[in-house]
Each structure stands twice: as C-alpha cells, then as structure tokens.
Amino acid sequence: TIFEGGGVGVEAVVRNGEAAESRFSVMFGSCNKVNYEQPFWPIVQSHSPDLWIWMGDNVYADRKRTLQELPRAWMHSRQSGMNMLDFLFEPAPEQKLRALYDAQLAHPGYKAFLDTGVTVLGTWDDHDYGLNDGGAEFPWKAESQRALLDFLGEPNDSRRRRQEGVYDVRRVPFGDGR
C-alpha cells in the first residue's frame with residue numbers, strides 16, 4: 001500500500017472467527033537525511049503502524065569530497081588499496097554516526113512517533129554504514145554496527161551485538177499470536 005505522503009507499508013487483516021478482526025500494519029522507510037525537514041512523521045504516525053522498519057540509509061553519514069580534496073583522496077585510495085570510487089566520499093567515523101543518530105532520535109516528529117510505542121527494527125545500507133558503496137574493507141564497520149544497534153534500541157544481550165553484521169530474523173506475532 002502506498003500511503004499519502006510517500007510512505008510505504010503493508011497492512012494485514014486477520015479474521016478470528018466470524019466477528020473478531022485484528023489489524024497489524026508495517027511501515028518502511030529509508031534514505032533519511034537528518035538535516036532536512038521531515039514532515040512525514042505525523043503522516044506515518046497517523047497510520048498507527050505496529051512495526052516500523054528502517055531499510056537503510058537511515059542517516060547519511062559519509063560526505064562527498066570537494067573538488068579541491070579529490071586529488072589527494074585519489075592518491076590515498078591508490079596507496080591504501082581502497083576501492084577506487086571510495087575516494088569520492090569521506091568516510092564517517094563512529095562519533096559522526098552517533099551524532100547523526102542522536103539528532104534523529106531528538107527530532108520532534110520522530111520522537112513523537114517513538115513515544116507511541118511502535119516497535120522499531122532496521123538494517124543499514126552504505127551511507128549509514130559509513131561509506132558510499134562501502135564493504136568489508138571499511139575500517140569502522142564494528143563501530144558502525146554498534147552505533148546502529150544503539151540507535152535501534154537493540155538490547156545489550158542481543159545476538160546482533162555478538163555477530164559481525166546487522167542481519168536478523170524476527171517473528172512478530174499478530175492476530176491470534178502465531
């Protein structure tokens with residue numbers, strides 16, 4: 001379902017017998033820039049989703065380099081064995097990721113949405129991982145993982161904190177609880 005304002009979600013209706021009906025809705029979001037206006041949170045909240053899933057690029061932490069920075073960055077990428085396209089972007093260290101996630105958590109619209117008690121899950125993509133098209137060679141991947149899991153409110157004893165990567169499987173009960 002495409003909701004007004006551009007949000008995307010899925011709604012499931014479960015019939016329990018003849019008269020009872022349960023509703024469970026999931027909404028997804030990605031490509032969020034903390035320093036831009038975010039007028040969509042009240043719209044998302046108005047749909048009362050049971051589950052919100054961040055699909056990646058939850059914040060944009062890396063930065064495109066200026067033309068003046070490119071020659072030096074290109075030489076560094078050649079010497080360090082980085083992906084040749086990585087020189088176009090300045091990677092984001094953990095403190096920058098944390099500052100952006102903290103800013104998102106403090107955003108009034110998002111904070112109001114969280115205050116509804118919605119369950120929030122998520123993953124990362126390249127820009128909130130820390131580097132455009134970054135991969136296994138990214139030096140701060142463990143730090144990026146911790147920052148994302150803190151942002152999502154992942155419990156300290158979660159298996160996601162003991163593994164490399166943020167993949168996960170969750171069973172979300174609805175309807176009759178199965």
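Tutor: Let's begin with accessibility: a residue is buried under 20% relative accessible area, exposed over 50% and partly exposed in between, using a 1.4 Å probe and protein chains only. By that rule, 37% of the 178 residues of the protein chain are buried. This is a predicted model, where local features need pLDDT of at least 70 and side-chain atom pairs count only at pLDDT 80 or more, while totals for chains, interfaces and linings use all residues. Residues are numbered from 1 along each chain as its sequence is written, and side-chain values use heavy atoms, with hydrogens and water left out.

Student: Where is confidence lowest and where is it highest in the protein chain?
Tutor: pLDDT is the predictor's confidence in each residue, from 0 to 100. Helices here are DSSP runs of H or I with at least four residues, strands are runs of E with at least two, and both are numbered from the N terminus. Strand β1 (residues 8-16) has the lowest confidence, with a mean of 51, and helix α4 (residues 108-114) the highest, at 97. Residues 1-8 have pLDDT below 50, and the stretch makes 15 contacts in the model beyond near neighbours in sequence; a contact means heavy atoms within 4.5 Å. The protein chain averages 79, and 70% of the residues score at least 70.

Student: Which residues cover the two faces of β3?
Tutor: L51 and I53 lie on one side, W52 and W54 on the other, and all are buried. Strands pair if DSSP finds at least two bridges between them. β3 pairs with strand β6 (residues 119-122) in the parallel sense over 4 bridges, and L51 stands opposite T119 in β6.

Student: What is a nonpolar core, and which residues have the most contacts inside the largest one?
Tutor: In soluble globular proteins, nonpolar side chains tend to be buried together. A core is a set of buried Ala, Val, Leu, Ile, Met, Phe, Trp, Tyr and Cys residues joined through side-chain atoms within 4.5 Å. The largest here has 26 residues, and W52 and W54 have the most contacts inside it. Its contributors of two or more residues are α1, β3, α3 (94-106), α4 and α6 (141-152), with α6 giving the largest share, 5 residues. A second, separate core of 5 residues includes F24, L51, I53 and L121.

Student: How many aromatic pairs are there?
Tutor: Rings of Phe, Tyr and Trp (its six-membered ring) pair if their centres lie within 6.5 Å; planes under 30 degrees apart are stacked, over 60 edge-to-face and the rest tilted. The count is 12 aromatic pairs. The W41 and Y110 rings have centres 4.8 Å apart and planes at 55°, so this pair is tilted. Because W41 is in helix α1 and Y110 in helix α4, the pair ties together parts 69 residues apart in sequence. Both W41 and Y110 are buried. Ring pairs join F40, W41, W52, W54, Y101, Y110, F113 and F151 into a cluster.
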